[in-house]
Amino acid sequence: MQGKSYLRLALFLLCALSGPVGILAADDPSDARRSLQQLDWSTESTQPGRFIAAHGRRSAIFGYSESGLESWAYPVQILTSFGVAFRQQGATTETDGRSVLRRIIYAPAFVTRIYAGPDYIVREKIFTPLDTPGTLVSYEVAGAHPLDIVIRFVPVLDLMWPGSVGGQETKWSSAASAYLLSEPTHRYTAFVGSPDIVAHDDTANTNKPAARSGGLAFTIRAGGGHTGRVVIAGGLPGQDATATAKRLLSDSASLEEAAADHYQRVLNDALQIETPDPLVNRALSWSEIALDQAWVCNPDLGCGQVAGYGPSRQGRRPQYDWFFAGDGLVSTRALLASAQYDRARDELEFILKFQKRSTGMIWHELSQSAGALKWEQYPYMFVHVDVTFDFLATVAHYYSTTGDLDFVTRHWDSLQSAYRYCRSLLDPKDGLPRIPSDKQGHNEQDPLNDELTLSASWVTAAEAFADLAAASGHQAAAKAARNASQRARQAIGREYWDPRQQVWISGHTRSGQSLAPRDSGAAITVLEFLSSAQERDSLLDQLASHEFQADWGTRSKASTSTTYDPNSYASGSVWGIGTAAVADAFWAEHRPVTALPIWSGLLPWLSLDSLGHMHETLAGDYYHEELESVPEQTWSSASFLTTSVRGLLGLRVDGASRHLSFAPHLPPGWNAITLRHLRVAGAEITLNMLRSADEIRLEARNEGTPVTLVFDPELPFGARLTGARAGNLPIAANLEENRQDTHARLEVSLPRGNTLLTIAYAGGVAIVPVPPQPLIGEPSTAIKVTGVTLKDRVLTIEFDHMVSARSSFELHTPWVIKDAQGADFASTAPSVYRFTVNAIAQDGRVEYERSKVVVRFAAW
């Protein structure tokens, strides 16, 4: 079972351009084609700890070079320990490929590894087709002479954990020029071979799997203009592995073209976000690609989102290349954020397919081998009660985004059944859920009777069901659900706030003991239940501090907690999904100065290991992967994408009411952003925002029926609104002065065609912390801004900083600075000031201290 205690609550939390582009001109198809090629990502950091994967719908090959690659044709593992060595003709000594691997190029459709020997270069291209169960590995050799390439592997041909078959046998076939793998029932077969084999190991006449050290090996010859090719193919029931292998060889060009065209369509059709930062553009595009690469089709179960890709651990368990409903819900929200509505619906349909009909409970996990087993007899499918609550919230989000009432009405019985299951867990005394003794909530580590996050999920789920019921004409059910949600909301404070210790309780054990860890996820959960702005700010100040914030994200537990362990899976490590949720919360609370560095801390994750993908979790003290972390974790990429769209860009699509909200918190250095393929109830909208020192212009193109637009961009903190126009006509706009940022809001109807909106303003200040730049093996060093205030021409910035190193940030403002306390400052450009906080210790201590800078401006 996937251990995700802290992270599981992040699903609930997700519930609760290099220059301006003329949007009025038609898109250039050649530019779109270049965009796919621009995603190619190369690294010369080829240490054994660099994960690679080539993904298809029905198969995949992946792994680390130190242990070799493993190949799958779902639900079967074909082989493991796939590796290469090189031998010059006439020589007897081989060169292990790992010792001369110098470069890896990641592309959406394939991975290329480049080996540099003494007088040869080998380009190994690893390609898995979209819908063919197999992999083609090709070898191009540049050198004076052909090169012998030795391929080693260990045959497996067995089901994914926990399934298994016995009696496997591997035989050499001269006719096929391959090893043929089979098992006695002939339900599963496989092919591992090459038309270029010049030598091979013999196989013993045995019905047992090969088990001698090193498995099997064969040698191919490439070079002199000839490309060597290796084929790995799976044969599932009704399929011939040899025929599949032949197709891979004969149709390789068309299969590669089909894969490239597919990924190009993903980029062309999904939400396109073009910023002035090419690294951000690449990160967002790769996140959409990673979501697509997680769409897997199992011959017995159907197609759905898998949780990720990582090497098998015990018993053929490739982490996490199987189905989790909770992870699928996180992916669904990212699919909705990126306007991939059809795929989002397909994932919800897949989840509903395996709902427990007798109770309405939504399942937790499905191994790829579940179709070959009596999976319901294993203790993994229906174990997490929280997934059903989150499912209802996600379906409501799907409906509000797409306006797809047909989905709601077609599945009303299933939705009602899920709601009844949630209600069955309520304690009538307080209207909050309890966890049955044989089940778990969000927390997998501690057996709990109840938990704060589950109770908060019930508030959200009941409200979600009320919305679905009202939309589908079930008004009585809607009223009852809203009453249940309101009752639970009122009860949460009574049940989970400890007035004596002034802390929130995360839950109660089976024996009744309360737990009150300093947990970042639980802290975000309670935000909507706090009654005053002061309480909310106090809690957010804690989350913003160095105790929770590392340069690469948010720790799951405060570093000062007695149970903090920076290298544990769930008690102090930094999770991508949790970090994204925290950044989203700070943006939602209008604290962009804190939110932006937290979100920016996720960008280096995409190059830490498997390029373009994100790890599951990193250590809490030094920048590196946590020991148990999965290198390609789908929900890390998904949550990064969702928070980028919802938090950074402030996009909300309500297809049911034909309403679009765009409330961006753009970094001060971005003067433009373009969004394409915003889909609102059939209308497709393009937005191009341009920003100068005193004006924001929004060019909008609507290629459908009218849509209501709320445009609510962040202005410099403390700016004055001087006017707003639609075209050349003045329109009403409101200045929104929040505690830590300033916005200007206007609402218009976007007719079909082009609309130009302009917001004019004067003054204001932007605070620009230095972006975090974590280095592997190093601790956090960046400033952590915990709060800002602006009152009576006095700006106060509170922050944590390293005591033994200088720290700095910038202020961008047209206002004249009268004086400042707490830091030295100097003008570095017109309206740009750099503030430097000097070190207060010279002993190299890795410690943070709370400080503040007070800046007084002349009258404006």
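In this tour Ala, Val, Leu, Ile, Met, Phe, Trp, Tyr, Cys and Pro count as nonpolar, Asp, Glu, Lys and Arg as charged, and the others, Gly among them, as polar. The model is predicted, so that local features need pLDDT of at least 70 and side-chain atom pairs count only at pLDDT 80 or more, while totals for chains, interfaces and linings use all residues. Residues are numbered from 1 along each chain as its sequence is written, and side-chain values use heavy atoms, with hydrogens and water left out.

**First stop: the largest cavity**

Select Ala550, Pro597, Ile598, Ile783 and Lys784, which lie nearest the centre of the largest cavity among its 16 lining residues. A cavity is a set of points on a 1 Å grid over the protein atoms alone where a 1.4 Å probe fits but cannot get out; lining residues have an atom within 4 Å of a point. The volume is about 140 Å³, taken as the space filled by probe spheres set on the points, which are joined across faces, edges and corners. Next, colour strand E31 (549-550), helix H17 (592-600) and strand E49 (784-791), the elements that give two or more residues to this lining. Helices (H or I, at least four residues) and strands (E, at least two) are DSSP runs, numbered from the N terminus. H17 supplies the largest share, three residues. By class, the lining has eleven nonpolar, three polar and two charged residues.

**Second stop: the second largest cavity**

Move to the second largest cavity, with a volume of about 60 Å³. Select its lining, including Ala290, Tyr309, His613 and Glu632. Helix H6 (278-293), strand E21 (308-309), strand E35 (632-633) and helix H19 (634-648) each supply at least two lining residues. Here the classes are three nonpolar, six polar and one charged.

The whole structure holds 32 salt bridges, each a side-chain nitrogen of Lys or Arg within 4 Å of a carboxyl oxygen of Asp or Glu. Show Asp406 and Arg410, whose closest N and O atoms are 2.8 Å apart; both lie in helix H10 (residues 405-410), four residues apart, about one turn of the helix.

Then select Arg739 and Asp537, joined by a salt bridge of 2.5 Å, N to O. This pair links distant parts of the chain, 202 residues apart: Arg739 is in the loop between strand E45 (734-737) and strand E46 (742-750), and Asp537 is in helix H15 (residues 533-544).

Key: On a 1 Å grid over the protein atoms alone, a cavity is a set of points where a 1.4 Å probe fits but cannot get out, and a pocket is an open set with protein on both sides within 12 Å along at least five of seven lines; lining residues have an atom within 4 Å of a point.
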